[in-house]
Amino acid sequence: MTAPFSAAGFRRGARVGLALSAAIFIYGLAFGLVAAQAGLSWAWALAMSVTVFSGSAQLAALSLIQAGEATLMTLAATVLVMNARYLLFGAAIQPWLSQAGPLRAFSSLLLIGDANWIATMRAAEKGEADRAFLIGTGVPLVGAWLGGTLVGVIFGAVLPDPRAFGADLALPAFAAAMMAAMVRSRAALVPVAVGAGAALAVGPFAGPGWGIVAAGLAGGAVAALT
């Protein structure tokens, strides 16, 4: 029997997505600012946000561009490593979402992100049965992400010297903020330390791009094991 997938469920999800969209807009704004510093046009920045739709992966890819280490292989490896968590997200939500049918389930997954995955899992645990809830949460977040990207890249392009405003610190500051939000116990610092050590060990020899890839693989492996 196919689970419900209705406009009412979509609206309930959209209300949750709207509540989360302010933070996503600010995140997109930061990405747009860094993209402008890296020399991306607004069209390229928007195209990246549409096709990748992952703040952490996009910021990591921009760091490769800024460091002059951007090759097709390093960019692809970085995006795959940074987005590997979506394998776990998909596996966790599959028992609930798959009951909507393959077409609806796969379409909904195109809009999944960290924030609305958590919100949807919590809603499902509380008894939400309408599978349109997930795509409902995703639509406002996509709009906020693209809007923030556009505003950020336009603003970043008109700054006379981003470094004069400390804007060149946007990427490391955002990465540090993300890490601080994810670390909720001393045990969670272990993957962080291992990833940092791997980056420091590989970076000087293979370049910053492969240092990021090594950090993601090493830190992710330790996190999975622990």
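Phe25, Ile26, Leu29 and Val151 form a nonpolar patch on the surface, and together they have about 310 Å² of accessible area. Such areas come from the Shrake-Rupley method with a 1.4 Å probe, and for residues only the protein chains shown count as cover. This is a predicted model, in which local features need pLDDT of at least 70 and side-chain atom pairs count only at pLDDT 80 or more, while totals for chains, interfaces and linings use all residues. Residues are numbered from 1 along each chain as its sequence is written, and side-chain values use heavy atoms, with hydrogens and water left out.

**Nonpolar patch**
- Patches are made of residues with over 30% relative accessible area and no salt bridge, like charges being joined within 9 Å and nonpolar side chains (Val, Leu, Ile, Met, Phe, Trp, Tyr) within 5 Å.
- Helix α1 gives the most to the nonpolar patch, with 3 residues; helices here are DSSP runs (H or I, at least four residues), numbered from the N terminus.
- Valine 151 is placed in helix α8 and counts as partly exposed at 41% relative accessibility, where buried means under 20% relative accessible area, exposed over 50%, and partly exposed in between (1.4 Å probe, protein chains only).

**Salt bridge**
- A search of the whole structure finds 1 salt bridge, defined as a side-chain nitrogen of Lys or Arg within 4 Å of a carboxyl oxygen of Asp or Glu.
- The side chains that meet in this way are those of arginine 12 and glutamate 128, at 2.9 Å from N to O.
- Because arginine 12 lies in helix α1 (residues 7–37) and glutamate 128 in the loop between α7 (114–125) and α8 (132–158), the pair ties together parts that are 116 residues apart in sequence.
- Arginine 12 counts as partly exposed, at 31% relative accessibility, whereas glutamate 128 is buried, with a relative accessible area of 13%.

**Helix α7 and its end**
- The 12 residues of α7 should span 16 Å at 1.5 Å a residue, which agrees with the 17 Å between its end C-alpha atoms; the expected span is 1.5 Å times one less than the number of residues.
- In α7, Asn116, Trp117, Ala119, Thr120, Met121 and Ala123 are buried, and the buried residues of this helix pack against α1, α5 (85–97) and α8, contact meaning heavy atoms within 4.5 Å.
- Just after α7, glycine 127 takes a positive phi of about 110°.

**Phenylalanine 53**
- Phenylalanine 53, although not a glycine, has a positive phi of about 50°.
- This phenylalanine 53 lies in the loop between α2 (42–51) and α3 (55–66), and at 19% relative accessibility it counts as buried.

How values were computed
Helices (H or I, at least four residues) and strands (E, at least two) are DSSP runs, numbered from the N terminus.
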